[in-house]
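Hi,

Here is the structure I promised to pass on. Have a look at it first, and then read my notes below.

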Amino acid sequence: METISNTIKVEKVKTSKIDKVDFNNLAFGKVLTDHMMVCDFKNGAWETPKIVPYQPITLDPSAKIFHYGQSVFEGMKAYKDADKNVWLFRPLENQKRINISSKRLAIPEIPEEHFMEGLKALLKVDHEWIPTTEGSSLYIRPFVFASGNGFHASPADEYKFIIACAPSGSYFAGKVKVLIEEKYSRSANGGVGYAKAGGNYAGQFYPTQLAVEKGYNQVVWTDDNTHEYIEEAGAMNIFIRINDTLITSPTSDRILDGITRKSLLEIAKDENIAVAVRKITVKEVVEASKNGSLKEMFGAGTAAVISPISTFGHQGQDYDLPELENSYASILKKRITDIQYNKAEDKFGWRYRV
Ligand code: PLP
Ligand code: COI
């Protein structure tokens, strides 16, 4: 057992499994690194995080996570540059957001120091797992759940905050076809849509399965009230380009305030791309597709990076997007990934050295 970051204890694996990993063929989130960070909430306080070998965890069958779904998570990435320096992208935004999510689920907020120091200690121990292959990175999954026991439907008295990491390639393999959803809803006013709560994703699986059976990859959610307005997709915010203007829906109670989304809005302005944060109807998008003014649609998120949408389906009909040279998606993707991988100047101060 050694101690790093003054207080964080590290128990290392006896034998690393890294040699068994094919870094040239990485799926998304399938192979986990050697270690994980664990931090427990007990007796009303978060204990000091520790780094331990990646391993199964034991929970009582009455742990409240199983019954009442008290759990939230984050998604981040670590990038390695040509000189083997390790970088995070706006990590304090994730740290703040996990607490915004936690608060909504009545989970005790995690001190910034535990999140950041625990994460940095884990990356130090598992730094060799950060891929250097083009387009790959180390996907980082911080998550918190109710480990406290009992069938009473009330917040647990104990929680676990874990960070696990997976060297990962692209989230989508190939073209992205989306279905604009008109029956099911992801979230509602006053609900938990803005939180990165596990249950938000569970609720999407069935409608997404139905869409996948019809040949789509993701559902694009519309507002729960009228199903007239485009909101976001299952794992990403949505951008739509009509003529030269890039449009994205304002965030709300129902939409995740994506870190990629807000970064792209700033980069787009810096690129002198006209941006509009406004509500956008399905009708407007369908009409724009019919009259040729719909130029691009793409999803944006940590896992998805920028994923251009090739087709959207609506009311039984498919609409194809044109393939443009110098698309906004390609310009923005280059700008943001060049910042993330330390290939270009970071005028916004978003890069964070580990
Ligand atoms: N919307 C949803 C529902 C998501 O799961 C994600 C992924 O994290 C995003 C949007 C994009 O958010 P971010 O850019 O912070 O990863
Ligand atoms: C991310 O982009 O980090 C996410 O959390 C999306 C996830 C559901 C894969």
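Keep in mind that this is a predicted model. I started with ligand 1: the residues around it are Gly75, Glu232, Ala235, Met236, Asn237, Leu256, Gly258, Ile259, Thr260, Arg261, Gly301 and Thr302. By type, that shell splits into six polar, four nonpolar and two charged residues. Helix 5 (residues 259-270) gives the largest share of the shell, with three residues.

One name on that list, Asn237, leads on to strand 14, which covers residues 237-242. Is that strand buried or exposed? Six of its six residues are buried, so the rest of the structure largely encloses strand 14. In a regular strand, side chains alternate between the two faces of the sheet. Here both faces are covered: Asn237, Phe239 and Arg241 are buried on one side, and Ile238, Ile240 and Ile242 are buried on the other.

Which strands does strand 14 pair with? Strand 17 (residues 294-301) runs antiparallel to strand 14 and is joined to it by six bridges. Strand 15 (residues 245-248) is also antiparallel to strand 14, with four bridges between them.

Cheers

Key:
Residues are numbered from 1 along each chain as its sequence is written. Chains are lettered from A and ligands numbered from 1 in the order in which they are written. This is a predicted model: local features need pLDDT of at least 70, side-chain atom pairs count only at pLDDT 80 or more; totals for chains, interfaces and linings use all residues. A residue is buried if 20 or more other C-beta atoms lie within 10 Å of its own, exposed if 12 or fewer, and partly exposed in between; C-beta atoms are placed from the backbone. Helices (H or I, at least four residues) and strands (E, at least two) are DSSP runs, numbered from the N terminus. Two strands pair if DSSP finds at least two bridges between them. A residue is near a molecule or strand if its C-beta atom, placed from the backbone, lies within 6 Å of it. Ala, Val, Leu, Ile, Met, Phe, Trp, Tyr, Cys and Pro count as nonpolar, Asp, Glu, Lys and Arg as charged, and the others, Gly among them, as polar.
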